[in-house]
Amino acid sequence: MNKFVKQTLLATAVTAAMVSTASAKELVMVSWGGAYTASQQKAYHEPYMANNPGVTIINDDSGSGALAKLRAMKEAGNVTWDLIDMTGSAAMTACEEGLAEEIDHDKVLANAPDGTPASVDFGDLIISPCFVPQIVYSTTFGYRTDKVGSNPPTSINDVFDLEKYPGKRSLEKRAVNNMEWALLADGVPSDKVYDVLATDAGVKRAFAKLDTIKDSVVWWEKGAQTPQLLADGEIVMGSTYNGRLFSLIVEEKQPVAMMWDWQVFDLDGWIVPKGTKNKAEVMKYLKFATDTQRLADQSKYISYGPARASSAPLVGKHATLGIDMAPHMPTAPANSKNTLLYNIEFWADNTDDLNEKFYAWLAN
Amino acid sequence: MNSSVKHSNPSVMVTADGVPLMVSLSRAKRKAKIRALLLVTPLFLFILVTFFIPIASMLLRSVDNEVVEETLSRTVPILQGWDQTGDTIPDETVFVALHQDFVDGYREKTIGSPGRRLNYEKPGFSSLFRKTARKAEKFEPPYQAAFIKADKKWGDINYWRVLKRESGPSTDSYYMTALDYGYNDIGERVAKADDQSIYVDLFGRTFWISFVITSICLVLAFPISYLLSILPAKSSNLLMILVLLPFWTSLLVRTSAWIALLQQQGVINDMLVWAGFLGDDNRLAMIHNQAGTIIAMVHVLLPFMVLPLYSVMKTIPQSYMRAARSLGANPFTAFVRVYLPGTIPGIGAGSILVFIISIGYYITPALVGGQSGTLISNFIAYHLQSSLNWGLAAALGAILLFAVFALYILYDKIVGIDNMKLG
């Protein structure tokens, strides 16, 4: 009997060891799917797996609902994800809710090639102690070249100008970005936008401006909608993420062009969920995947700007199309004459309140 | 001794082994009952664990408010002594407790949650908590001055009133928001201004659209089901496949197909323009509005109406109608007086199915609904997935659930639930 117990114990221990080594090699990474996950696969995952033969990276495309799922996982006490790609504001929420690990950026991440510490190389983009920035993306406008004749839109005012550009335009169904654009088009200087928006009068002013085009707006909720609406000719112009427009224009060759005026910069990056079973491996991966070269490599596949200052000079040509990527970056000088940085502090406080007002405005 | 007593009483019937029959019978019955119970137990437990407990725990969130009391465990009890109707902010003792709570909460990374919770009540709490927590460790007494120096909102009595109001273990604020009520600065319940009220109108719209969808489904499904029920099996099976085919197709595919058909540069508009019914400039807007939601959802939900109707109609002998006609009824009377009453169980079942499913629908309205075709379920999804305000999502869900219960009871009173036949 004693022997039997010993054997059973041994067998259990061996099985447990096998299971744990097997799971240590599988990293589940959550991202947005589509072209974006593909760019991460090429630029980060594949080289990492080539260098670390024991590790398999599994992509999970549930990025858009990640925050809610992560909270549910944490409450159930079983976090099955190892690394999550989130927008900056979602990462901030995750950090505040205690869902994400805090990261010592200088200890965990690689220095720039010239020895600049990571915290300086990323600079202000580290908006939360849990957040490792990856890309700068922008929400901007695309328009049908065949519907605007020889007079293409050049400024945010044109989005609100139904006489010059009749037809439908698409905007995201939320307060964020639209309120800022409305105020800019109404003549508010860019450095005063958030001050004005913080007042009741400013909110009314933004809605009044949006009222002028309300009947001509198709409201989108998913990033794929504006590219589709543009391709179908349903709208004359619409807002969406610049990477989506890039693939619509360059890869699918639709008669669409970009209107960069007052594009809104936002961040996307990684967080390590609290409770991951592979923390050491994930940190190792993070150091590799967010170094200067890797971040620059991602821009070979998608037109989002690398978050490290030291990566910018390394941005090269598109991996398959061979075109120069630098002019397609939201940060390119010609595209970034007028840009607005998404004010994370402001929206962390006011998203709930202003979205409520926005939906009420929509319904009335 | 005992058995001799029983034997001596001839009026009690006993079994062969001397136990009174009544006792033996009830024992056998109890055994059968236990066995039956054991057989249902796995299913019961399964439903309890996977259905009732999750729903109940989600509904509890609509009143749960423990996060403030838990994180600010020292401040909350002291704060109860502060008079929120006065015009002075709490004194130093509260700030001393608050300082300890903030230092601990920052170390344990728990201070963000109450900040986000209170931000639902008053915008500004989120950054107030976040900013203060970062600096709290370095604060020197007097703490009241230190807090106000870190962020002047700590000197604003309205923030303190909200904090005190929402410091209990439960709250009614989610239900108030869900019914478009709120608190004013001095803590009275008031209806929200028109430019901030959304949910009551949305509940109304959701019920109205669901009712319209159910009615259209009924009108469309009735003749189809009738046809299916009277055709010979060979052709009716083929038609049945046509009814079921969309049922088996992915919901997203069907919704996208409707977008391609209905949009302004879509197939239907193109055909109408080509045929000269419409000018190129005034194409019909059939999608991204209420019409789009109704058309796409009727298509998605039609099988749920056809199937129960068909199964009921199949059981109505065609001879009934012939008998009615031969007794002198005209076709209309025969239909209304003889055929229609027989189909009521199917109509009831189909309508309830379609109505309840459409009340909770959210993918199709999100894609084709535009601004006028959005339903309450879209907001529940938004608060679950994006704003992470699960309390409000739970309150909206609970109201929807109880409204459906109320309708169900109403239906039972008017039509009778026993009258329903689900196939």
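**Close-up views of the chain B–chain A and interdomain contacts**

**View 1. Polar contacts between chain B and chain A.** Between chain B and chain A, 14 residue pairs are in polar contact, both residues of each being at pLDDT 80 or more. The model shown here and in the following views is predicted. Elements of chain B that each give at least two residues to the side touching chain A are α6 (112-119), α7 (125-136), α11 (199-230), α18 (363-368) and α19 (376-385). Of the elements of chain B, α7(B) contributes the most to this side, with five residues. Classified by residue type, the side of chain B that touches chain A comprises 12 nonpolar, 19 polar and 10 charged residues.

**View 2. Salt bridges between chain B and chain A.** Seven salt bridges are found across the interface of chain B and chain A. One of them joins B:Lys109 to A:Glu102, with 3.1 Å between the closest N and O atoms.

**View 3. Buried area between chain B and chain A.** The contact involves 41 residues of chain B and 39 residues of chain A. About 3,600 Å² is buried between the two chains, and carbon and sulfur atoms account for 46% of this area. On the chain B side, B:Arg130, B:Gln371 and B:Leu388 together supply 17% of the area buried against chain A, more than any other three residues.

**View 4. The two domains of chain A.** Domain 1 of chain A consists of segments 13-136 and 268-328, and domain 2 of chain A consists of segments 137-265 and 330-363. The C-alpha centres of the two domains are 28 Å apart. Their contact draws on 18 residues from domain 1 of chain A and 17 residues from domain 2 of chain A.

**View 5. The interface between domain 1 and domain 2 of chain A.** The two domains of chain A bury about 1,400 Å² between them, 68% of it on carbon and sulfur atoms. Of the area that domain 1 of chain A buries against domain 2 of chain A, 34% comes from A:Val136, A:Tyr304 and A:His328, more than from any other three residues. Zero salt bridges are found across this interdomain interface, whereas four residue pairs are in polar contact, with both residues at pLDDT 80 or more. On the side of domain 1 of chain A that touches domain 2 of chain A, the elements giving two or more residues are α4 (88-96) and β4 (132-144) of chain A. The largest share of that side, three residues, belongs to α4(A). By class, this side of domain 1 of chain A holds 10 nonpolar, seven polar and one charged residues.

Notes:
Residues are numbered from 1 along each chain as its sequence is written. Chains are lettered from A and ligands numbered from 1 in the order in which they are written. This is a predicted model: local features need pLDDT of at least 70, side-chain atom pairs count only at pLDDT 80 or more; totals for chains, interfaces and linings use all residues. Side-chain values use heavy atoms; hydrogens and water are left out. Domain bounds come from an automatic or database domain assignment. Contact means heavy atoms within 4.5 Å. Buried area is the accessible area (1.4 Å probe) that two parts lose on being put together, summed over both. A salt bridge is a side-chain nitrogen of Lys or Arg within 4 Å of a carboxyl oxygen of Asp or Glu. A polar contact is a pair of N or O atoms within 3.5 Å; within protein, one must be able to donate a hydrogen and the other to accept it, and residues adjacent in sequence count only if both atoms are side-chain atoms. Helices (H or I, at least four residues) and strands (E, at least two) are DSSP runs, numbered from the N terminus. Ala, Val, Leu, Ile, Met, Phe, Trp, Tyr, Cys and Pro count as nonpolar, Asp, Glu, Lys and Arg as charged, and the others, Gly among them, as polar.
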